[in-house]
Every structure is written in structure tokens, then in C-alpha cells.
Amino acid sequence: MKTYNQPSPDQWATLLERPLMDVSDLENRVSTILQKVQQEGDRALRDFTARFDGVQLEGIAVSPEEFAASEALVSQALKQAIQTAHTNIDQFHRQQQLQTEVIETMPGVKCWQKSVGIEKVGLYIPGGTAPLFSSVLMLAVPAKIAGCQEIVLCTPPAKDGSVHPAILYTASLVGVSKVYKVGGAQAIAAMAYGTETVPQVYKIFGPGNQYVTAAKQLVNKSGLPIDMPAGPSEVLIVADNSANPDFVAADLLSQAEHGIDSQVVLVAFEEAMVRRTLDAVDRQLVDLPRQEIARKALENSPAVILESEEAALQLVNQYAPEHLILSMDRALEFAGHITNAGSVFIGHYTPESVGDYASGTNHTLPTNGFARSYSGVNLDAYVKKITFQQLSAAGLQKLGPVVEQMAQAEQLEAHKNAVSIRLKALKEID
């Protein structure tokens, strides 16, 4: 990590710039994949799986026998951990349910709103360098609570054509039975357009590499909703003098091991804290199986020394991190002033890992500064909110003249007449 000591605010955007990969022709390559899947269906999926994953698939759908076999391949300890995480995630998201309440805006005029689950949703679960079975919980649990009628899950197969047993176990636990051995941009295409085997969906969720992200953005341009335009993962840690350098180093590395394009940012108030933290990073790094990935991510990551918490707050809200860790004495107070962040981890004993797995919050979050305008995945992402209104005759008599005046002012006579003809009929009844 490169250290910046007291940089001026006009330098922050430059030193905090996210690492960008060369994607000059990425969109064209992904477009070709999308078009082929749209035209050729399952045949294209098999071709791309053979080319990109090195697997000749006999069947695209995971069979009931494969689901059953996965049960025995997951340790009891891991099953218990997944079950605990499931309970917490379910409890947190269930509290987000909207209670329908009828509001009488004026006598005889009743309005209400109802949440209805999106009927068909697609979930993408990465399974390459790390099989993210935790993402099954994060995406499928709120989908189930929302009442989505059909949940389609795509994940890339291993070299032997199997799906990681923890992914299948977790899918079974949450009640997802439609799992398909398809990864990358071709999986997004399959869910967007449908094939002979993979059902078409109405909205797509889930993290992925640059190909998956580009595919999601392209199908979104053509009218299919997605969760958010997410990119490489990131964390920003604010560490005051009370922080434990070993804790901070572990948090930096837990994010850096995601991928070489991940970014980790350290904000501190003394050079000594930065130095002790980076020493701890070096010590911990040598024991990590994914140390080479983490090293490359750290090369693109800054440590920034600022003079005050006020400056740190300004920097945080400008950067809008996906994950924000506050290793501070007054962390809760500082957190109250955060306006731009995906998820906030408060205090010395709240590592990002708890949110990634099991605290209850969702780990599918906006990256690349999108936390300025996007929320992370939550229950609302899986529902449509339909509004209703019902007027009595007396209600129309009170509200009708208001609508007539407004419609006439906008020169929309048919709108006015839809009210006037009813008011006239009511006068004739009287």
C-alpha cells in the first residue's frame, strides 16, 4: 500500500481512484455471447461451458440425485454454521416486510400500497476461485420472503462437471430447486432470454467478474432489471489511535483476497498507526493461501493520513465505500454522520466478515461509488409496490372538482370528463 500524508481534499479523488481493468473490447465480446445464447439456447451454453470452464456437460440442470449427494459432502459443523447464518439473515430481512395500511387522504378517498413479489428472479452465484455459497443465502432468503414464485440459480461447474456441495446444500436449505451449471456472461444470457432448459426471469441478482457485470449491464440496457451495477469489491477502514493494528490488517486482507482488482483503503490519523498496521499486514500475508491475489490488490490500495475525524468523514462520504469499517472509540457517533456507504461495521469487534456471512445484513452491495445513489440488496429489491385507491360517491364529490380544475389547466379534457360525467350522474341521482 502507498501512504499519503495529509493530502489536500482536491487530491483525494485521484489517490482513491478505483483500479480499472482494460475493458475496451469487453462489451463487444460479451454482446457476442449474449446474442449466441439468445439464438442457440442450450447448445450455446454447452459450447461456452466447454470453452471457458473446460467442461463437457451432459446435463445443464442439477439433478435431484446431485442435490441428495451434496448433503453427505458438507460437514456437520458447516451445516450448523449455514443454518445459523440462515436464521439471522431471514430474521433481519423479514422485518423489512411492508404492512399494508389504508390511508384515508380525505373523507371518502382511501389509498393503500401492497408489496408483491417479482414472479421470476434469477440468482448468479460465482463458483470459480471461491464458491460463494454465502451468496445463496443473501440472494435467495429475501426472494423467498418476498414471495417470488420462481427462483432460478446459475453457477459455474467445477472441472468434473459438479456444483460445489455447499452451494447445493444451501440452495436446498432455502428451498431453491432450479439450479443450473452455467457461469459467466452466458449464465446471465440464459436467465435473461431463456433457453430450452433455463427459464427466463424478470430480474437478475448476484455478484460476478467483469464479464458477468458487463452482461448484466447489457441486458439491463435492453430492458431487464438487475440488482445494481456492481463491480470489484472494496473496503475503507477508519482507524483512530485506539485501533488494534492486527485487527485492522486482518480486515484489509479479508477484502484484498477477493480479487486482484479489489481495493482496500486505510484512513488513519497518525503515521505510527499506518506503519504498525502495514507491518501486521506483512506478517499475516505470508500465511494466506490467496496471498498472491491479496498482494496485487494491495498494490492498488492507498493508506491516507488525515488530521481530523471531520476530514475523514468528508473523505468517506466522497469515496462512498461498499464496506466501511470504523475501528474507532467513538465509532457509533461517527457512523451517525455517514451518508454514502453500502454497509457500515461499527467498533473494534465488528469485522466485515460478519456481514459477509452471518450477522443478518445483506452482503450484495453497491461498489465503485454507487453507494451514493444505490442501496444494497434488501427485501424491496424483490418486490413491486402496487398502489390502490377507492373512492366513495361522497369522496368523488369532494375530490372531483380538484381533478377537474387540474385537468382543464393541463388541457386534458378527456381526463376532466372522466370525473365530470360521474359527478353529473351523481347529481341526477340526488
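In strand β7, F205 is the bridge partner of L123. Strand β4, which spans residues 120-124, is joined to β7 by 3 bridges, and the two strands run parallel. The model described here is predicted. Its protein chain contains 17 helices and 13 strands.

**The open sheet**

- Strands β4 and β7 belong to an open sheet of 4 strands, arranged in the order β6-β5-β4-β7 with parallel pairing.
- The edges of this sheet are taken by β6 (178-181) and β7 (203-205); each has a single partner strand, so one side of each is left without a neighbour in the sheet.
- From one strand to the next, the twist averages 25°.

- L306 is located in the loop that lies between β10 (302-305) and α13 (309-319).
- The relative accessibility of L306 is 2%, and the residue therefore counts as buried, the cut-off being under 20%.
- Not counting residues up to four places away in sequence, L306 touches Q6, P7, W12, V267, A268, F269, A311, A312 and L315.
- E270 is 36 residues from L306 in sequence, while the C-alpha atoms of these two residues are 7.7 Å apart in space.

- S327 is part of strand β11, which covers residues 323-327.
- With a relative accessible area of 5%, S327 is buried.
- When neighbours within four places in sequence are left aside, the contacts of S327 are I237, V238, A239, D240, A243, V248 and H348.

- Strand β12 (residues 343-346) contains V344.
- V344 counts as partly exposed because its relative accessibility is 30%, and this class lies between the limits of 20% and 50%.
- Together with L332 and I346, V344 makes a nonpolar surface patch of about 240 Å².

**The chain as a whole**

- The protein chain has 430 residues, of which 48% count as buried.
- Taken along the principal axes, the box filled by the C-alpha atoms of the protein chain is roughly 90 × 60 × 45 Å.
- Among contacts in the protein chain with a separation of 6 or more, 75% are accounted for by residues 24 or more positions apart.
- The protein chain has an accessible surface of about 20,900 Å², and carbon and sulfur atoms contribute 50% of this area.

Key. Residues numbered from 1 in each chain as written. Predicted model: local features only at pLDDT ≥ 70, side-chain atom pairs only at ≥ 80, totals over all residues. Heavy atoms only, no water. Buried < 20%, exposed > 50% of the residue type's maximum accessible area, 1.4 Å probe, protein only. Contact = heavy atoms within 4.5 Å. Pairing = 2+ DSSP bridges. Axes fitted to C-alpha atoms, helices over the stretch in contact; angles between N-to-C directions. Patch = residues over 30% accessible without salt bridge, like charges linked within 9 Å, V, L, I, M, F, W, Y side chains within 5 Å. Areas by Shrake-Rupley, 256 points an atom, 1.4 Å probe, with all protein chains shown as cover. Salt bridge = Lys/Arg side-chain N within 4 Å of Asp/Glu carboxyl O.
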